[in-house]
Amino acid sequence: MSLAPFVQIVARGKGRARSMTLDEAQQAMTLILQGQAAPEAVGGLLMVMRLRGETAEEIAGFTAALRAYVKGKLVHADLDWPSYAAGRSRGAPLFLLAARLVGQAGYTISMHGWNSHQSVTASVRDALTLAGPHVRYTPLEALSPAAFSLLKLRDTFGLRSCFNTVLRMWNPSGAPATVQGVFHPSYRSLQAQAAEMLGQRDLSIIKGGGGEFERHPGKAIQVFGLRDGAHIEENAPSIVDATRRLHEVDHKVDLRGLWRGTVNDPFAVATITGTAALALWTLKAAPDFAAAQDMADDLWATRHQQESLSA
């Protein structure tokens with residue numbers, strides 16, 4: 001079977017084209033991942049979808065195919081944490097220390113990703129040693145070379161495709177809870193709808209720093225997603241009085257110094273604890289945002305003691 005029938009579905013022309021159903025999208029992505037689709041057809045399909053906008057059914061179908069294709073490669077985790085931001089508007093990956101706090105609360109985190117265009121100061125992989133023992137990071141190119149090839153089509157197109165969204169939806173460890181950061185706010189409801197179709201029950205999506213799951217502590221944050229399978233749209237209040245950007249170009253953050261306590265940067269610390277609080281709330285470790293923030297603050301204050309106890 002070729003990809004041509006699916007390209008025809010989305011590209012027949014005005015009045016005749018339509019979006020794919022979930023099953024059709026799953027069939028199409030299965031062909032692509034198995035290497036049975038011509039590169040020209042893959043490019044045509046993805047670019048037509050970008051032009052008119054993908055649907056929740058198509059995202060869910062593509063994600064279901066990717067899950068089936070790479071099933072069983074990662075051990076189960078409590079929390080799925082995708083990391084696929086391009087990095088051009090990012091500073092230091094403070095969310096890694098947030099994930100470390102969540103790990104110290106007793107949860108396992110599966111982080112997977114690919115982070116292109118990043119400067120040394122923004123590199124996720126260069127800072128992974130700071131993420132702690134409860135965070136397992138798997139690079140996309142090792143987890144699925146086929147998926148990695150699809151993501152890298154961005155270099156050919158000069159544009160992102162819906163596959164960037166699929167990777168955030170992936171959850172390859174089968175975690176019961178997942179957090180996602182997006183760069184474009186319109187994707188929050190799209191991803192929540194697709195997650196519901198895939199049977200996900202607990203999911204938090206925010207417009208995060210550079211597209212990562214990382215909150216601005218000086219702003220109220222809208223949290224979209226699912227809670228016990230029901231759609232949510234909540235507001236997490238600001239936690240500090242600050243009007244600066246999340247990542248200032250001329251502001252360097254020493255992650256190791258922050259963790260050790262040799263660097264004083266209250267805004268960076270608030271970013272870390274605020275992000276950890278949203279993740280803990282997603283995991284239902286606390287009943288509301290205020291309690292989750294208190295928990296994250298306590299974890300930060302006792303972080304060295306916690307590590308001594310677990311050593």
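The legends below describe close-up views of one predicted model. Residues are numbered from 1 along each chain as its sequence is written, and side-chain values use heavy atoms, with hydrogens and water left out. In this predicted model, local features need pLDDT of at least 70 and side-chain atom pairs count only at pLDDT 80 or more, while totals for chains, interfaces and linings use all residues.

**View 1. Strand β1 and its burial.** Strand β1 covers residues 79-83. Helices (H or I, at least four residues) and strands (E, at least two) are DSSP runs, numbered from the N terminus. Five of the five residues of β1 are buried (buried means under 20% relative accessible area, exposed over 50%, partly exposed in between, with a 1.4 Å probe and protein chains only). In a regular strand the side chains alternate between the two faces of the sheet. In β1, L79, W81 and S83 point one way, and D80 and P82 point the other way.

**View 2. The strands paired with β1.** Two strands pair if DSSP finds at least two bridges between them. β1 pairs with strand β2 (residues 109-113) in the parallel sense, over five bridges. Opposite S83 in this pairing stands G113 of β2. β1 also pairs in the parallel sense with strand β4 (residues 177-182), over two bridges. Here D80 has T178 of β4 as its bridge partner.

**View 3. Helix α1 against helix α3.** Two packed helices are described by the angle between their axes and the distance between the axes. Axes are lines fitted to C-alpha atoms, for helices over the stretch in contact, and angles run from 0 to 180 degrees between N-to-C directions. For α1 (residues 4-11) and α3 (residues 39-52) the angle is about 20° and the axes are 10 Å apart. α1 is therefore roughly parallel to α3 (angles under 35 degrees count as roughly parallel, over 145 as roughly antiparallel, 65 to 115 as roughly perpendicular and the rest as oblique). The contact (heavy atoms within 4.5 Å) is made by F6, V7, V10 and A11 of α1 and by A41, L45, V48 and R52 of α3.

**View 4. Helix α5 against helix α12.** α5 (residues 95-104) and α12 (residues 266-282) pack at about 50°, with their axes 8 Å apart. This angle makes α5 oblique to α12. On α5 the contact residues are F95, L97, A98, L101 and V102, and on α12 they are I272, T273, T275, A276, A279 and L280.
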